[in-house]
Amino acid sequence: MEQDLQLITACLKNDRASQKQLYQQYAEVMLGVCYRYTKSVVDAEDVLQEGFIRVFKNLHQYKFQGELGAWIRRIMVTTALNFLKRNARYQSDLAFDKIEMHPVTDENPEIQLNTKELASLIQQLPTGYQTIFNLHAVEGYSHVEIGALLGITDGTSRSQYARARALMITWVKKYYLDNKLQTYAKS
Amino acid sequence: MQNREFEKQVQDKMEGLKLTPADAVWEKVEASLPEEKKRRWLFFVLCFVFLLTASLLVWNSLNTGDKTSVQQLATKEDSNKVASVQDKNVQDAPNNATTNLLQKEKPGSEVTSATKKNIHFKGSAKIKIKNGNADLISATSEENVATAKNKKKNTKAAVKVTIKAPVAASDTDEYTSAIVIPADPAGVVNNHNNIVAADTIVVKIKQAVTDSLIVKNDTAKKATKENKKAKRTTSWQYGIDFAAGSSAVSNNLFNNKSVYADVFASPSSSATGGGGQSAAPTPNQPSAKAAINFGFYAEKNIASKWKFKTGLNYSYQSNAIKTGAKVDSAINLNSPFYSNLTASSYYRSGSSTAYTNRFHLLEVPLLLQFKNSQRSPLYFEAGPSFAWLLSSNALIYNASTSSYVTNKEMFNKLIVSFTAGAGFDIAKRSKLPISIGYQFKYSLNSVIKPEFAKQHFINSMIWLKIPLKK
């Protein structure tokens, strides 16, 4: 915390070295966050760039009431959502149609994928599913909060998430089976 | 209850997701960072200092020019008798002049070269010329002027008096002013000055405290006083003025804090380190846009160097803000300060829509103008102004609904501002004596009520003033 304080103070004084240090300290993790919300590394880097610009612009608002990483992460998530909303490639896929409530499956299969494989699976979800899956399953937002963020009802958020979760579980299982078959074939 | 084992696995794995960004990302971020921290207050102070310095320089140059011109300094009651004899060659002067003091002195000695450096002198003297010869019959002074009656020899100094008068004067003429230039600024006694010309006489003064002396007779003094009095009691002058420039809103003149910084906590206030609570989107900051002012003004002299200015202006202020898409449905703002505060439509958080916040105000300025000299075209003005907000469509971020909304209850109606600026008279003696100038204005109170946002207007404007009656 003390280190954060010193770093932020220096950044607020527009000390370029400190600003770069802050960037380097969080850039890799935050690119991972941005990557989950987009469909490519290039788009993720665009979000990361815009997000860090906002971080430095609003750094004076950080009141040391939580971890700096969490504060930056929230800005990245917000930036990513704005990016999706204004980017033509994502807009059509981001239309959250009102759909019927979908029961959430109780299945909790073991995920045998590594981090990057799981991130790639999340990326393959339709953008709407991907966004809500990230917000709920990874970031931990409630459906009411997601509704407020995306301008949809919490019911829509629940339903979209149920479908996303079901799809993810199917893919995880399939990956598990494929992997097992490959292992069996090799042996 | 849903078993969240799957979500927990996803969270754990995603926590470890790290990707190395390209170097270009930091380069672009760095390019967007300011070169140095903005110090707006320093900028305005520098502007003020610059304006002050420039005006002093201009005034000084104009003032110097005026003093070298005897024509401008000389005022004679009978204007027909006034003539300029500046720089007249002493050798060519056909007539001699003498003072009552020098009549006793030995002729033949020469006046040393006079110092041309002029300094104002407060005093008076009566000068009479008889039969074409400029004889200084008597000279009286009010303030440390050497007079014929002065007996402090050690403070005497020779001076050259240049009288702006026709050489061939009538029997007795009274002249209202003359330039007295000491031949010896150090105050060396010179009792052997020669009578050199009708328009150049030599007198002794008590103290050579000045390089130049304006001698005025009593009549002129009275006339000057009357003129000054008349000027002070001049009736109102009025006209129209127009100003255009930029308008911005700021949390505070002296920092770059968000206009919402004091209203609700930053995202960090609800951060828990890894998520789990609501993410408050960072509201976008308004950026500067156009400002226009026009209306009537009235001004009046209240002292020799001071004027009071007021008027009635329409003021248009605007700024730009980026928001999300517009939603045409009513929304309850859930304000803890106002029950049932609603908006008929709202804009989502985001940056897809460019929106212009507009403010329409009616303004009454109460300014004091300072002009160091009536001849100087430059003047400064400062003072408060009171504006009444007629209407506004400005969007204000509402944290409880994460949306941008507008409602007239969110605005302060009375805006008190401080104005400072400088003006420059152009073609003062023409039929259209307009003035142009620069004005900086800062609203001392927020246009938005403090429970919603803190937005102080900052105006930087160029104005044009056209008098209709002078």
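User: What joins the side chains of Asn284(B) and Ser351(B)?
Analyst: In this predicted model, the two side chains are joined by a polar contact of 3.4 Å. The side chain of Asn284(B) also has a polar atom that lies 2.8 Å from the backbone oxygen of Gly350(B).

User: Where does Asn284(B) lie in chain B?
Analyst: Asn284(B) belongs to the loop between strand 9 (237-250) and strand 10 (287-301) of chain B.

User: Is Asn284(B) buried or exposed, and why?
Analyst: Asn284(B) counts as buried because its relative accessibility is 15%, and buried means under 20%.

User: Which residues does Asn284(B) touch, leaving out those up to four places away in sequence?
Analyst: Asn284(B) touches Tyr260(B), Ile321(B), Lys322(B), Thr323(B), Gly350(B), Ser351(B) and Tyr404(B).

User: OK, zooming out: how many helices and strands does chain B have?
Analyst: Chain B has five helices and 23 strands, and 46% of its 470 residues count as buried. Taking the contacts in chain B between residues at least 6 apart in sequence, 74% of them join residues at least 24 apart.

User: Now the interface. How much area do chain B and chain A bury between them?
Analyst: Between them they bury about 5500 Å², and 59% of that is on carbon and sulfur atoms. Of the area that chain B buries against chain A, Phe6(B), Leu19(B) and Trp26(B) supply 14%, more than any other three residues. In residues, the contact takes 56 from chain B and 67 from chain A.

User: How many salt bridges are there between chain B and chain A?
Analyst: The count is three salt bridges, and one of the salt bridges is formed by Arg16(A) with Glu30(B), whose closest N and O atoms are 3.4 Å apart. There are also 13 residue pairs in polar contact across the interface, with both residues at pLDDT 80 or more.

User: Which elements give two or more residues to the side of chain B that touches chain A?
Analyst: Those elements are helix 1 (5-15) and helix 2 (23-32) of chain B, and helix 1 gives the most, with nine residues.

User: Changing topic, which residues make the nonpolar surface patch?
Analyst: The patch, of about 670 Å², is made by Leu312(B), Leu362(B), Val364(B), Leu366(B), Phe386(B), Trp388(B), Leu390(B) and Leu414(B). At least two of its residues come from each of strand 16 (353-365) and strand 18 (378-392) of chain B, and strand 18 gives the most, with three residues.

User: Why does Leu390(B) count as partly exposed?
Analyst: Leu390(B), which is found in strand 18 of chain B, has a relative accessibility of 45%, so it counts as partly exposed, the range for that class running between under 20% for buried and over 50% for exposed.

Conventions: Residues are numbered from 1 along each chain as its sequence is written. Chains are lettered from A and ligands numbered from 1 in the order in which they are written. This is a predicted model: local features need pLDDT of at least 70, side-chain atom pairs count only at pLDDT 80 or more; totals for chains, interfaces and linings use all residues. Side-chain values use heavy atoms; hydrogens and water are left out. Patches are made of residues with over 30% relative accessible area and no salt bridge: like charges are joined within 9 Å, nonpolar side chains (Val, Leu, Ile, Met, Phe, Trp, Tyr) within 5 Å. Accessible areas come from the Shrake-Rupley method with a 1.4 Å probe; for residues, only the protein chains shown count as cover. A salt bridge is a side-chain nitrogen of Lys or Arg within 4 Å of a carboxyl oxygen of Asp or Glu. Helices (H or I, at least four residues) and strands (E, at least two) are DSSP runs, numbered from the N terminus. Buried means under 20% relative accessible area, exposed over 50%, partly exposed in between (1.4 Å probe, protein chains only). Contact means heavy atoms within 4.5 Å. Buried area is the accessible area (1.4 Å probe) that two parts lose on being put together, summed over both. A polar contact is a pair of N or O atoms within 3.5 Å; within protein, one must be able to donate a hydrogen and the other to accept it, and residues adjacent in sequence count only if both atoms are side-chain atoms.
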